[in-house]
Amino acid sequence: KTTKKTMEFQAETKQLLDIVTNSLYTDKEVFLRELISNASDACEKLRHLQNAGGADIENSDRDLEIKITLDEVESTITIEDTGIGMTEEELVSNLGTIARSGSKNFMTELEQAGSSDGLEIAKGIIGKFGVGFYSVFMVAHKVEVTTQPARGGPATVWTSDGTGTYEISELDEEIRQDRGTSIKIFLDSNYWSLLQESKITEVLNKYSNFVQFPIFINGNRVNSVQAVWGLDPREVEYDTYVEFYKYIAQAIDDPLDILHFRAEAPLDVKALLFIPSFHSEKYGMERMQPGVSLYSRKVLIESKSTDILPDWMRFVKGVVDSEDLPLAISREKPQDSALILKLRKVLTRKFLSQLEKMAKKEPEKYLDEFYREYAFFLKEGVCQDFEFQSTLAKLLRFETNKNTTKELISMDQYISNVRPEQNDIYYLCAPTREAAALSPYLEAFEKANLEVIFIYTAIDDFVMANLEKYEGRKLVSVENGDIDLSQFQSDDEKKDKKDDDGDESSDEGGSDEKLSATEAMDLCLWLKNSLGDSKVGSCRPSSRLVSSPAIVTD
Ligand code: ADP
Ligand code: MG
């Protein structure tokens, strides 16, 4: 025998339900994500309760699991969990009022949109927010929630058609069900396609693949992939990582590197990132899409998010999970996007410091495996990601005139080699190493025993121009006409000076036939006149050259 009570929804809830049921939501299957995440939360809560000991728990040896049953005859979907359940009071306050932050946000947003014609706006907003439990009324004309609280007490049934009222009744002792909650969804005829097992499986694979409690559809287990990112990094085997990587990145290679970390303060984040052994943005192939998905407590929020990492990190694959994120995240909401931005900062910093570590501890791996494959992305980062520009610059490697072995050095190494009087960092852009070595611009620098970085591509040139400075030192192209190298006399020259002190006509570079000052002026005038003002800005004698007769500078 049961006692039935009819109760009214809180006014705001009524309004919300009205909007939800009347809006033609494009991605209507998200109700499943919401209900599964509630079921998973309920199991999680029960596990906490068990771990805390103390309280008597109904059927305490019952496994924590989620069961979905499709009934084509009744046209119902039932979602059962063996979680914490709800008491009657909890039912009333959880499902009868808007307590939940997501639903509240939704209402505020709608109010702020300030239109009486709420429907169009609502569709857009639901897409962004989701509305938790109530989203079930997008597909159902009736919902029946039966729940048995884990701490004991009577089981309760809650029924509603999602309009003004709901009914609550206590279940008889004899028909008291299993611990936890069972939600029976009576589908609208428009959504009967959801009664196909394959359809539901597809939706679950998309959103709920990593839910940590087993999910069964009509008795078959669907979610079999472990959410490796949630495990303690010290306890994960390398092969487990590789298998997970291959699964999420649909990859066939082994990853080049793995970054797995967890933090709780100031922000909850669990991240598992992979650098694939190669990237596909070569040989004119198209630009890669980002490869990192965003989860909140193992439920998918956004697949391949474009915001969670900077664009230059698009070669990275993996998963980021933060409990601080709402299931339906909105980029228009300042606190959501601020949170994403914070996460992005933490992740980028971690990733860069992992690369620095690799460069230091495994320089060969860094150069031969990582840098040769991904240098381009770091350079792109230098040009785009100003916040991390100097950290990225630290990771760049270059050839110079001094390391003829083509061994690459960092800017820090360059700085550790500079001459004491040298403030700037010099570089030379040429098509090839051979061309760079033969460049007339290089002569004076070699004579002054200065190291010059060689760069060979437009992006490198762009990087130098964007950086401007490194560790307070200007990056200067050797083609720059204003460079004064007179302070860097070569050691030979200094000796020469001492030997024949006061000899005004000391020869530059050992040539026997030096032009006199008037001859040089005449030559300059002739050059200017023959080439014309439009081609020649100025022409003057230089002491920079050693064996080349002349150079052009800008
Ligand atoms: P949220 O999950 O964000 O709190 P929902 O609208 O999804 O919002 O759910 C509202 C509340 O109803 C939950 O916080 C929870 O207390 C309760 N609830 C919903 N589903 C279950 C369930 N399967 N088992 C126990 N409690 C539930
Ligand atoms: Mg929920």
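This is a predicted model: local features need pLDDT of at least 70, side-chain atom pairs count only at pLDDT 80 or more; totals for chains, interfaces and linings use all residues.
**View 1. Helix α9 packs against helix α14.**
Helix α9 spans residues 363-384, and α14 spans residues 458-467. Their axes lie 9 Å apart, at an angle of about 35°. The crossing of α9 past α14 is left-handed. From α9, the contact takes in Phe376, Lys379, Val382 and Cys383. From α14 come Ile459, Asp460, Phe462, Val463, Asn466 and Leu467. Sorted by class, this contact holds seven nonpolar residues, one polar residue and two charged residues.

**View 2. Five strands form an open sheet with mixed pairing.**
The strand order is β15-β17-β16-β19-β18. Strands of a sheet pair through backbone hydrogen bonds, in either the parallel or the antiparallel sense. Within this sheet, β16 (residues 425-429) and β17 (residues 452-455) are a parallel pair, joined over four bridges. Leucine 428 faces phenylalanine 454 of β17 across the pair.

**View 3. A shell of 16 residues surrounds ligand 1.**
The closest residues are Asn38, Ala42, Asn94, Gly132 and Phe133. Two elements, α2 (30-52) and α3 (88-96), each supply two or more residues to this shell. Which element gives the most to the shell around ligand 1? Helix α2 does, with four residues. By class, the shell around ligand 1 comprises six nonpolar, seven polar and three charged residues.

How values were computed. Residues are numbered from 1 along each chain as its sequence is written. Chains are lettered from A and ligands numbered from 1 in the order in which they are written. Axes are lines fitted to C-alpha atoms, for helices over the stretch in contact, and angles run from 0 to 180 degrees between N-to-C directions. A crossing is left-handed if the near helix is turned anticlockwise from the far one by less than a right angle, and right-handed if clockwise. Two residues are in contact if their C-beta atoms, placed from the backbone, lie within 7 Å. Ala, Val, Leu, Ile, Met, Phe, Trp, Tyr, Cys and Pro count as nonpolar, Asp, Glu, Lys and Arg as charged, and the others, Gly among them, as polar. Two strands pair if DSSP finds at least two bridges between them. A residue is near a molecule or strand if its C-beta atom, placed from the backbone, lies within 6 Å of it.
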